Amino acid sequence: MEKSTYYNPADLAKFGNITEWQADMGNKFFSYYGEVFKEGALTEREKALIALAVAHAVQCPYCIDAYTSDSLQKGADEAQMMEAVHVAAAIKGGAVLVHGVQMMNKAKELSM
């Protein structure tokens with residue numbers, strides 16, 4: 001049975017093609033992207049786990065696929081990956097809730 005999805009997993013492999021219509025900008029992006037994921041103050045594994053968490057927060061299925069694979073290849077285990085996802089969920093949930101303060105402020109302002 002074929003799985004139907006709006007996102008075509010095969011499109012992930014076409015990511016490099018974004019340079020076709022704007023080579024200068026695309027190449028600059030990929031140069032920067034490559035530098036970001038090199039070992040530095042953080043290990044490549046740590047960066048992959050951060051990327052996996054962010055991928056969930058921004059809800060990018062391509063990124064989730066890519067950084068699930070990357071995290072595993074860089075030595076992360078399933079527990080570490082799921083913990084990273086829970087960190088993203090906690091931050092995203094907290095961000096939604098803290099904006100409730102703005103709603104409360106506005107409601108109080110309008111109620112005066």
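Is D70 buried or exposed, and what is its relative accessible area? In this predicted model, D70 has a relative accessible area of 15% and is therefore buried, the limit for that class being under 20%.

**View 1. The salt bridge between D70 and K74.** The closest N and O atoms of D70 and K74 are 2.6 Å apart. Whereas D70 is buried, K74 has a relative accessible area of 31% and so counts as partly exposed.

View 2. When residues up to four places away in sequence are left out, S71 touches A48, L49, L52, A76 and M81.

**View 3. The loop residue V58, between helix 2 and helix 3.** Helix 2 spans residues 44-57 and helix 3 spans residues 61-73, with V58 in the loop between them. V58 counts as exposed because its relative accessibility is 55%, the cut-off for that class being over 50%. Although V58 and A88 are 30 residues apart in sequence, their C-alpha atoms are 9.4 Å apart in space.

**View 4. The contact between helix 4 and helix 5.** The axes of helix 4 (residues 78-98) and helix 5 (residues 100-111) come within 4 Å and cross at roughly 5°. Helix 4 is therefore roughly parallel to helix 5, since angles under 35 degrees are placed in that class. On the helix 4 side the contact is made by V96, L97 and V98, and on the helix 5 side by G100, V101 and Q102.

**View 5. The salt bridge between K106 and E109 in helix 5.** The side chains of K106 and E109 meet at 3.2 Å, N to O. Because K106 and E109 are three residues apart in helix 5, about one helical turn separates them. K106 counts as partly exposed at 42% relative accessibility, and E109 likewise counts as partly exposed, at 49%.

View 6. K14 counts as partly exposed at 45% relative accessibility, and D11 counts as partly exposed at 30%. The count of salt bridges in the model comes to five.

How values were computed:
Residues numbered from 1 in each chain as written. Predicted model: local features only at pLDDT ≥ 70, side-chain atom pairs only at ≥ 80, totals over all residues. Heavy atoms only, no water. Helix = DSSP H or I, 4+ residues; strand = E, 2+ residues; numbered from the N terminus. Buried < 20%, exposed > 50% of the residue type's maximum accessible area, 1.4 Å probe, protein only. Contact = heavy atoms within 4.5 Å. Axes fitted to C-alpha atoms, helices over the stretch in contact; angles between N-to-C directions. Parallel < 35°, antiparallel > 145°, perpendicular 65-115°, else oblique. Salt bridge = Lys/Arg side-chain N within 4 Å of Asp/Glu carboxyl O.
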